[in-house]
Number of protein chains: 2
Amino acid sequence: MWSGDDAAVVRAPGSSPGQQPLLLLAADTVVAGIDADLSLTTLSDFGWKAMAVNLSDIAAMGGRPAHALVSVVGLGPDELEDLYEGIMEAAAEFGCDVVGGDLSAGSEVVVSVAVTGWVDGEPVLRSGAQPGDRIWVTAPLGAAAAGLRLLRQAGPGPHDWGAPDQALVSAHARPRPAVAEGVVARLVGATAMIDVSDGLAADLDQLATRSSVGFELSSVPVAEGAEIEEALAGGDDYVLVLTTPRPVEVVKAFVAAGVPAPYLIGECVADRRLRSVAGKTLRVAGWEHSL
Amino acid sequence: MWSGDDAAVVRAPGSSPGQQPLLLLAADTVVAGIDADLSLTTLSDFGWKAMAVNLSDIAAMGGRPAHALVSVVGLGPDELEDLYEGIMEAAAEFGCDVVGGDLSAGSEVVVSVAVTGWVDGEPVLRSGAQPGDRIWVTAPLGAAAAGLRLLRQAGPGPHDWGAPDQALVSAHARPRPAVAEGVVARLVGATAMIDVSDGLAADLDQLATRSSVGFELSSVPVAEGAEIEEALAGGDDYVLVLTTPRPVEVVKAFVAAGVPAPYLIGECVADRRLRSVAGKTLRVAGWEHSL
């Protein structure tokens, strides 16, 4: 059955609860021309992204990535090599072993990845947030959307990007799943977690709906060079949003683990319909929002 | 790393060998117009096939299917419902739980499935056949290719098929992975196993190459209504080919398990280059063969 979470949680047959790690399973597909504009980013970037979106699903459960299966449609041998460069770079970077997959002919470039992960103890679901829990994000938002905007403005071809534009372009071309952050969040007792793939507004709305809480955001950290709209509604950041009842411990735990401290952005509230940013209603349906 | 087998074999972290079941992972993609002609078979059949080709990979390792992730590209809501009808029918029939997946827009219909399975004890690889081992298939061959031939001859539209044509058409439209047979084959000590997806000649060639043996086939069982060429080179039968040193026990074990007795088709030989059928050389490169 569909779990409604980023990844499905599975126990090995015959095993007792707590006896061994739980298995996480997730699959995500990227389609050229829809999930990436290959006139603006490379096939290698596309391979990286196919892996990153999947690894982010494991991160959002607080798991460690283990294995990937990669199915590719519509690429010839040379193109496949370019794609696999990015796939293997992401796999190596985040400790995921590519163990199999499939190659098919087709008129459209489609990369389907399935990943497994392991989690010692209980995975973090979307549904566990309680009123009063603080809400955090693991990094400033909007970088990927801003990077795509810069790439579109510049058009095809190589460009020399200065800082901070290079960071924005990289955030779009090679998003980094927050794997280490997700593990720390789980260990410090995060009550709910989700990754930002559709935009903070949409994904936090998902988390709140699944947890039967509302939320009031006090501030949203915007990536340098990004706009507030990109931070709220821009997708593909793969930052994690998490909730926890213990604000001080959270920052300590992140710093102790050597990952950047998360940003406190607000609080869960009992009114499950409430979606507000700095006292103003946030409309999330269909990517809309108002400030 | 790629295993070169039908599925990758994975052990849970921290577990000792033999302590718990091994995890099998496999992924296969089907593309409309390439893996199925949707003017001849239905979307529901296409969904069934997407599952069946994956379940067959688990079967070929001697495992039991556990979970599936299904990623779909290029279908609208109504079409998706038709596709999922076949997916869920196959999932129910072979005890596999669909736990997640992904839905993407796209101009081409692509269904990527990833499956897990569990195996108690050692999975059966392609590489374990020894000279002198007998070679078996779990059912007569060529039915799927013959069914496709009948469908092409008849053209689009519903048809009333009499027996044995209906069985051939079903073998093409709704291939049945040999899950129960694979488990019995493992339990009775099969040394190597592979499923027939590309045709007996090509797949047995794979098994022999990976095992560093040759083979001499004495006879090949041909499905009723199929032609010998279809039995040797027709793909998509998803019958299992297995090798074992103990011919009598094999038949007994299959019958005791309530699955049809396998067909003895030949023997592995020490000359690793030998590929022969009834004393004549079998050429397998590029689907060619001669009798």
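**Domains and chain contacts in a predicted model**

Modeller: The centres of domain 1 and domain 2 of chain A, taken over C-alpha atoms, are 22 Å apart; domain bounds come from an automatic or database domain assignment. This is a predicted model, in which local features need pLDDT of at least 70, side-chain atom pairs count only at pLDDT 80 or more, and totals for chains, interfaces and linings use all residues. Residues are numbered from 1 along each chain as its sequence is written, with chains lettered from A and ligands numbered from 1 in the order in which they are written.

Biologist: Which element gives the largest share of the side of domain 1 of chain A that touches domain 2 of chain A?

Modeller: Contact means C-beta atoms, placed from the backbone, within 7 Å. By that rule, 17 residues of domain 1 of chain A meet 21 residues of domain 2 of chain A. Helix H1 (43-59) and strand S3 (64-73) of chain A each give two or more residues to the domain 1 side; helices (H or I, at least four residues) and strands (E, at least two) are DSSP runs, numbered from the N terminus. The largest share, nine residues, comes from H1(A).

Biologist: Is Val169(A) buried or exposed?

Modeller: Val169(A) lies in helix H4 (residues 165-173) of chain A. A residue is buried if 20 or more other C-beta atoms, placed from the backbone, lie within 10 Å of its own, exposed if 12 or fewer, and partly exposed in between. Val169(A) has 24 other C-beta atoms within 10 Å, so Val169(A) is buried.

Biologist: How many residues of chain B are in contact with chain A?

Modeller: The partner side in chain A has 37 residues. The number for chain B is 37.

How values were computed. Contact = placed C-beta atoms within 7 Å.
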